[in-house]
Amino acid sequence: MILKAMRSDWLKLKGKGLWFLVCLGPVGLVAMQALNFGLRYDYLKKSYADDLWGGLLDNIAVFVPIALLMGITILCSLIANIEHHTSSWKQLLALPISRTAVFFSKFAVAVIMLGVSCMLLALGSAALGLGLGFGSPLPLADLAKLGFYPFIAALPLLVLLLWMCLTLRNQAIPITLGVVLAVLSMFAIAEWLPLTWPLLAYKAQKQEIFLAAGALGGFIVLLAGMVHFARRDVN
């Protein structure tokens with residue numbers, strides 16, 4: 001049932017430009033650091049002489065939360081707006097498929113697309129480091145952490161924004177919230193705030209705490225979202 005719903009969602013997403021958005025985030029982050037290191041190469045290479053790869057990845061990691069949350073916000077809104085724009089919720093939910101499967105299908109599609117974006121970030125960061133002459137061996141574990149740890153920690157925010165986008169016809173509300181959260185993620189410092197988890201999942205000493213918090217929080221919010229979506233009235 002979920003697979004059928006996902007196939008339907010993939011067909012609806014064709015030609016909507018979402019894959020361009022998936023690529024835009026990681027390419028933009030890598031390009032920004034390429035410009036940063038290009039303009040200040042000698043200074044930055046001297047500053048990170050002990051760990052060139054670590055310096056590069058730390059510079060990228062600082063901007064990952066805001067880019068991730070902005071991407072989550074836009075992607076969730078575009079996925080939900082396909083149904084809102086065509087007013088097809090009644091027809092979709094009248095099909096012999098459970099509402100929880102519909103909700104989970106859209107969540108799975110968002111996770112897959114964002115996962116591809118995270119993989120592109122890791123690959124792009126590796127290519128940038130090699131292009132700057134940092135050499136081998138590549139820090140494969142750190143590259144994977146840069147790409148995927150912030151995403152896992154951001155799962156509660158992903159589900160929350162998707163939930164709001166699917167249940168609210170007025171997309172201005174979840175979009176505004178998502179943009180505000182993205183901006184605040186640059187300034188939030190309290191470890192108990194989910195906004196700080198994407199960065200702390202990569203940079204904190206006890207990364208597993210924030211990874212577990214993100215995974216568990218995402219699961220709880222996902223269950224709550226599916227229960228609410230299954231019971232809500234459709235206009």
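Which residues in α5 meet which residues in α9? The close-ups below take this up, using a predicted model in which local features need pLDDT of at least 70, side-chain atom pairs count only at pLDDT 80 or more, and totals for chains, interfaces and linings use all residues. Residues are numbered from 1 along each chain as its sequence is written, and side-chain values use heavy atoms, with hydrogens and water left out.

**View 1. The contact of α5 with α9.** From α5, Leu 69, Ile 72, Thr 73, Cys 76, Ser 77, Ala 80 and His 84 meet Leu 157, Leu 158, Leu 161, Leu 162, Cys 165 and Leu 166 of α9 (contact: heavy atoms within 4.5 Å; helices: DSSP runs of H or I, at least four residues, numbered from the N terminus). Ten of the residues in this contact are nonpolar, three are polar and none is charged (nonpolar: Ala, Val, Leu, Ile, Met, Phe, Trp, Tyr, Cys and Pro; charged: Asp, Glu, Lys and Arg; polar: the others, Gly among them).

**View 2. How α5 and α9 pack.** Their axes lie 8 Å apart, at an angle of about 30° (axes: lines fitted to C-alpha atoms over the stretch in contact; angles: 0 to 180 degrees between N-to-C directions). α5 is therefore roughly parallel to α9 (angles under 35 degrees).

**View 3. Around Leu 158.** Leaving aside residues up to four places away in sequence, Leu 158 touches Ile 72, Cys 76, Phe 107, Ala 110, Val 111, Leu 114 and Phe 151.

**View 4. The largest nonpolar core.** Of its 42 residues, Ile 72, Leu 75 and Leu 158 have the most contacts inside it (core: buried Ala, Val, Leu, Ile, Met, Phe, Trp, Tyr and Cys residues joined through side-chain atoms within 4.5 Å; buried: under 20% relative accessible area, 1.4 Å probe, protein chains only). With nine residues, α7 gives the most to this core.

How values were computed:
Buried < 20%, exposed > 50% of the residue type's maximum accessible area, 1.4 Å probe, protein only. Helix = DSSP H or I, 4+ residues; strand = E, 2+ residues; numbered from the N terminus. Parallel < 35°, antiparallel > 145°, perpendicular 65-115°, else oblique.
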